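Here is a short tour of a protein model for anyone new to reading structures. Have a look at the sequence and the fold, then follow along.

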Amino acid sequence: MAPVIEKIRELGCFELGEGPHWDNESQSLYWVDIVKKTIHKYIPSLKKHTHIKVDKFPSLIVPISGSSDRFIITLQREVAVLTWDGVSSRPTSIETIAIVDTDNALKNNRINDGKVDPLGNLWAGTMAIDGDTPYGPRTGTLFCLSSNKKIRYFEENVGISNGLAWSSDLKKMYYIDSVKRRIDQYDFDATNASITNRQPLFSLEKHNIPGFPDGQTIDADGNLWVAVFRGKRVIKVSSAKPETLLDTVNIPDLQITSVAFGGPLLDELYVTSASHIAWPTEGEEDCIKGHIYKITGLGVRGLPANRIKI
């Protein structure tokens, strides 16, 4: 049985839909539109969509453990606590708790993709604000924010920091710098939340896949699902066997940005995309849309997304 790809029409289009996070507790999908500076919540069972607008570029939203109305969000180089009831058109409060890339040479950066590890730490990376092409400056970093609100850096000279995922045994972390056109893996030390021994896992170049790897997630079988920006597809990659492409799901949108498993059984794959384009090519206008999709019938389940402990 082939997967069913459903465009969620009531949500409309987004300039740069990113950072989908399925919250199991509320059965809600959260995401952001970076360019429009908006943060969104959607309850599929009610077809209810709400959002707020912020003053700086957001890139992620993750609920805080033990709370129903507090979230970690990012605003350019800031990590902040958002208090929002998920219904109102304005937040109750936004409190900055950390600022990254404070060196003068990095102040044109913004935080891009990020995710919380199973231990409750936030991992995220940065990129130059004007670096959203494969030829932009490589001034980004990869960092971790622990429960003590301290920042630790693990990579520099990053082009476009993107997808993150962890193996269920917490021995591996998977990471994407989109300009490298590959997925990498690290040895993950769960004792002190650190990474070593970066190795290539899967290269788009070797498989003649167009576009750039973007956001990713992992399923209960340990396989990676990767959004391919400017590739009109989501690919399924083995984490156990390097350079093994297991499946491809074609999406009727050019710029696929990220993916997240959701639904009551975590067997639905939500897919974000973008209509904003930084380096257009003639004839692409018809396939640049920026919708959000739900894919069913994949025959796999995801893992519950982690809440941050802070």
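Does D214 count as buried or exposed? The structure here is a predicted model, and in this model D214 has 6% relative accessibility. Buried means under 20% relative accessible area, so D214 counts as buried.

**A site listed in UniProt**

D214 sits in strand β18, which covers residues 212-218. An unreviewed UniProt entry lists D214 under "active site". That unreviewed entry also has a "binding site" listing, made up of E18, N162 and D214. These three are spread over 197 residues of sequence, yet they cluster in space, with a largest C-alpha distance of 10.3 Å.

Now turn to N162, which belongs to strand β14 (residues 161-166). At 2% relative accessibility, N162 counts as buried too. The table puts the two residues side by side.

| Residue | Strand | Relative accessibility |
|---|---|---|
| D214 | β18 (residues 212-218) | 6% |
| N162 | β14 (residues 161-166) | 2% |

Which residues surround them? Setting aside residues up to four places away in sequence, D214 touches E18, N162, G163, I176, S178, V226, A227, F229, I256 and T257. With its own neighbours within four places left out, N162 is in contact with E18, N112, D113, Y175, I176, S178, P213, D214 and G215.

**A sheet of four strands**

Next, find the part of the model where an open sheet runs in the order β6-β7-β8-β9, with antiparallel pairing. Why is one side of β6 and of β9 left without a neighbour in the sheet? Strands β6 (58-63) and β9 (93-99) stand at the edges, and each has a single partner strand, so one side of each has no neighbour there. From one strand to the next, the twist averages 25°.

As a reminder, strands of a sheet pair through backbone hydrogen bonds, either parallel or antiparallel. Here β6 pairs with strand β7 (residues 70-75) in the antiparallel sense, over four bridges. To spot this pairing on screen, look for P58, which stands opposite L75 in β7.

Key. Residues numbered from 1 in each chain as written. Predicted model: local features only at pLDDT ≥ 70, side-chain atom pairs only at ≥ 80, totals over all residues. Heavy atoms only, no water. Pairing = 2+ DSSP bridges. Axes fitted to C-alpha atoms, helices over the stretch in contact; angles between N-to-C directions. UniProt positions renumbered as here; feature names shortened; annotations may be inferred. Buried < 20%, exposed > 50% of the residue type's maximum accessible area, 1.4 Å probe, protein only. Contact = heavy atoms within 4.5 Å.
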